[in-house]
Amino acid sequence: MKLIFPNAKETALFLMRRVGYGFERKDPKTGEDSFSRRLSVGQYPKFHIYAHKEGDNLFVNLHLDQKKPTYEGSASHSGEYDGEAVEQEAERIKVLMNKAIRGAGEEINKFDLPGKTFFFKKIFGVFFGKNN
């Protein structure tokens, strides 16, 4: 899934870290930076992003790697570029990236995501009269 973020003055490395991705490597063929966000303690599954800047625009290509490539001598894989998990992650990235671009120096609150109600907020919100 391809995403474009205009007015991204900071580097791709800075912005991708702000949305929870770690730098992996620079692709020697394309020159794009590679970032990932693991979904478990193992190396796979993980969300994987290739990102590059053109002027003040950040271009992001997101996919889900379910497993390590299984054939010798190839770095190719069977990444998923669409589907519910990728769409949800794209929405998460959009929310956090827009916050990061608007206020690069501000702290991003990962609990302030649309549609998310966290366990402790559910329990303690009831006790303190905050049900939102």
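**Notebook: salt bridges, sheet and core**

I began with lysine 46, which forms a salt bridge with glutamate 24, the closest N and O atoms being 2.8 Å apart. My criterion for a salt bridge was a side-chain nitrogen of Lys or Arg within 4 Å of a carboxyl oxygen of Asp or Glu. Lysine 46 lies in strand S4 and glutamate 24 in strand S2, so this pair ties together parts that are 22 residues apart in sequence. I took helices (H or I, at least four residues) and strands (E, at least two) as DSSP runs, numbered from the N terminus.

A note on the source: this is a predicted model, so I kept in mind that local features need pLDDT of at least 70 and side-chain atom pairs count only at pLDDT 80 or more, while totals for chains, interfaces and linings use all residues. Residues are numbered from 1 along each chain as its sequence is written, and side-chain values use heavy atoms, with hydrogens and water left out.

**Entry: burial of the charged pairs**

Is lysine 46 buried or exposed? I found lysine 46 buried, with a relative accessible area of 4%, while glutamate 24 is partly exposed at 33%. Here buried means under 20% relative accessible area, exposed over 50%, and partly exposed in between (1.4 Å probe, protein chains only).

I searched the whole structure and got six salt bridges. Among them is lysine 26 with aspartate 33, where the closest N and O atoms are 3.0 Å apart; aspartate 33 counts as buried at 16% relative accessibility. Another one joins the side chains of glutamate 89 and arginine 92 (3.0 Å, N to O). Both of these lie in helix H2, three residues apart, about one turn of the helix. Glutamate 89 is buried at 3%, and arginine 92 is buried at 18%.

Next I traced an open sheet of five strands, in the order S1-S5-S4-S3-S2 with antiparallel pairing. Two strands pair if DSSP finds at least two bridges between them. The edge strands are S1 and S2 (22-26), each pairing on one side only.

I counted four bridges joining S2 to S3 (residues 33-38) and six joining S3 to S4. S2 and S3 form a hairpin with six residues between them, and glycine 31 in the turn has a positive phi of about 80°.

Which residue in S3 is the bridge partner of phenylalanine 23? It is phenylalanine 35. I paired rings of Phe, Tyr and Trp (its six-membered ring) if their centres lie within 6.5 Å, with planes under 30 degrees apart counted as stacked, over 60 as edge-to-face and the rest as tilted. By this rule I got one aromatic pair. The rings of phenylalanine 23 and phenylalanine 35 have centres 5.7 Å apart and planes at 70°, so the pair is edge-to-face. Phenylalanine 23 is partly exposed at 42%, whereas phenylalanine 35 is buried at 0%.

**Entry: the core**

Last, I looked at the largest nonpolar core, which has 23 residues; Met16, Tyr21, Ile49, Leu58 and Met97 touch the most other members. Such a core is a set of buried Ala, Val, Leu, Ile, Met, Phe, Trp, Tyr and Cys residues joined through side-chain atoms within 4.5 Å. H2 gives the most to this core, with seven residues.
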